[in-house]
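Visitor: Could you take me through one part of this structure in detail? I'd like to hear about the salt bridges.

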Amino acid sequence: MSPPRLELRRISKQYPAVRANDGVNLLVQPGQIHAVLGENGAGKSTLMKIIYGAVRPDEGEILWNGQPVQIGSPARARELGISMVYQHFSLFDTLTAAENVWLGLDQSLSLAEVSARIREVSVEYGLEVDPLRPVHSLSVGERQRVEIVRALLTRPQLLILDEPTSVLTPQAVTKLFVTLRRLAAQGCAILYISHKLDEIRALCHHCTVLRGGRVTGEVDPTLESNASLSRLMIGAEPPQLMHRSASPGPVALQVRGLSLARTDPFGVDLEGIDLALRGGEILGIAGVSGNGQGALMAALSGEDRRAAPGSIRLFEQDIAQASPVHRRARGLHFVPEERLGRGAVPTLSLAHNTLLTRSELVGPAGWLRMAEVQRLATDLISRFKVKAGGPDAVARSLSGGNLQKFIVGREIDARPKLLIVSQPTWGVDVGAAAQIRGELLALRDAGCALLIVSEELDELFEICDRLVVMAQGRLSPSIATSQATVEQIGAWMSGLWDREARHA
Ligand SMILES: Nc1ncnc2c1ncn2[C@@H]1O[C@H](COP(=O)(O)OP(=O)(O)OP(=O)(O)O)[C@@H](O)[C@H]1O
């Protein structure tokens, strides 16, 4: 019998505030799709980084195809045939997709050869990527495809995917699964991290559960239910959402005839966007990312201030060209989809990160009320169950899901009158996702207007009162969630609502 592709023996890693991995054993067979499941901060990413040579374990042994190895760097991992798609993107914004891939390939091929290989792999696996596009012009979903193509180009024997579907649409996920099953059938082993229990049950052959850095269970996920996986992972089933019907108040946000030319050649023009959102209701924007959602968010948040006067009104006041600070002062809070970089400054402490959007903590003459800042950060950590060393922990030391909980929590806690959130539960575990959705509903019930952009239709159906679809820079009419079907919203995603409206 051939040896396991990968064997970990008693791997441990201590960080100053936490033992991220504690005596972890793991066996991955060739051709196996192996899930690693665990709540936010359980130690999954740390373990994957150890396998990929990006983090050194303090203790333990790694066997690769039966042989003990030291994986001192990602370059060494790639030499062995290990590829990894990170949870946080590791692409350079100013370079093209091809240049980024080329940089990760140890430069044995020319850039033109790399572009050609990208096209081949994109076609082979149905992952559309234009090698010449600069990364800054790509949506997060498109960036993820670049990362996956980059990993596949090396023809790996072990592919590590850290939450690869968090920003993919259901159709894209289906395509990715076809790709992964084909790779596995060719003998490639796959380590698959996801918080989406349905996916793990549908895709994976085996599942190792981590809790507090230790292995707490190994199961065949096809024999489990979402509830049993959830119990293994967090010791409980996620709480059910209490959903009362909305009682909409006055109009909070009114967008009329908003048209904006794209700012980069690969973007999308916004064309005549109309929408009205009232206090006490949640409006969801569904759609494949890259269809103008980013441009609309930039216009609403004030990052892009080219909107024609009068085209965006907040409580009847024209804010089309107002600064983000001015909008915030009027009650508009915003959670961007990129949590590192835009949502938080990675090198600053959580306490300092609260200051980014909580200017009430800055006193006259710019003095910081540091005691209050610390207290607020501490409160957010406990209210949103953020696993972190404390208010002084730097943002980048948090696990992905924990940082997301902190950023969303910071904006929910600001008592906004209008909250705009992109991908609210990106990367958070089922327990935390239920909590965040519950908090968003509670805000709505307190009269806040919420606009939620998400590629996860299930999530939109769960929390929104009305839905609109964005496609090719245009927005569909809104439909009450109770009257919408997944099929109809899916069809609208390709811009087909006009035809239906004409027939109506
Ligand atoms: N560079 C670091 N410095 C300090 N602590 C760290 C560092 N990297 C990770 N940690 C801590 O180690 C623990 C495990 O983090 P890890 O990212 O492995 O969790 P995870 O299971 O991948 O979580 P998530 O589902 O949120 O991505 C967390 O408590 C985290 O704060």
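Guide: Here is a walk through some of the salt bridges, with a look at the backbone along the way.

A quick word on the ground rules: this is a predicted model, where local features need pLDDT of at least 70, side-chain atom pairs count only at pLDDT 80 or more, and totals for chains, interfaces and linings use all residues. Residues are numbered from 1 along each chain as its sequence is written, and side-chain values use heavy atoms, with hydrogens and water left out.

Side chains of opposite charge can pair when their charged atoms come close. Here, a salt bridge means a side-chain nitrogen of Lys or Arg within 4 Å of a carboxyl oxygen of Asp or Glu. Searching the whole structure turns up 26 of them.

Let's begin with Asp58 and Lys13, whose side chains meet at 3.9 Å, N to O. This pair links distant parts of the chain, 45 residues apart: Lys13 is in strand 1 (residues 6–14), while Asp58 is in the loop between helix 1 (44–51) and strand 4 (59–64). Helices (H or I, at least four residues) and strands (E, at least two) are DSSP runs, numbered from the N terminus. Lys13 is buried, at 12% relative accessible area, whereas Asp58 is partly exposed at 44%. For those words, buried is under 20% relative accessible area, exposed is over 50%, and partly exposed is in between (1.4 Å probe, protein chains only).

Next up is Arg155, which forms a salt bridge with Glu124, their closest N and O atoms being 3.4 Å apart. Again distant parts of the chain are linked, 31 residues apart: Glu124 belongs to helix 4 (residues 111–125), and Arg155 to the loop between helix 5 (140–153) and strand 7 (158–162). Both partners are partly exposed, Arg155 at 43% and Glu124 at 32%.

Now for Arg437 and Glu459, a salt bridge with its closest N and O atoms 2.7 Å apart. Arg437 lies in helix 14 (residues 430–445) and Glu459 in helix 15 (residues 457–463), so this pair ties together parts 22 residues apart in sequence. Arg437 and Glu459 are both buried.

Salt bridges can also be joined up: Arg19, Asp22, Glu59 and Arg214 are linked in a network of them.

One last stop, back on the backbone: Glu316 is not a glycine, yet has a positive phi of about 70 degrees. You'll find Glu316 in the loop between strand 14 (312–314) and strand 15 (317–318), and it is exposed, with 70% relative accessible area.
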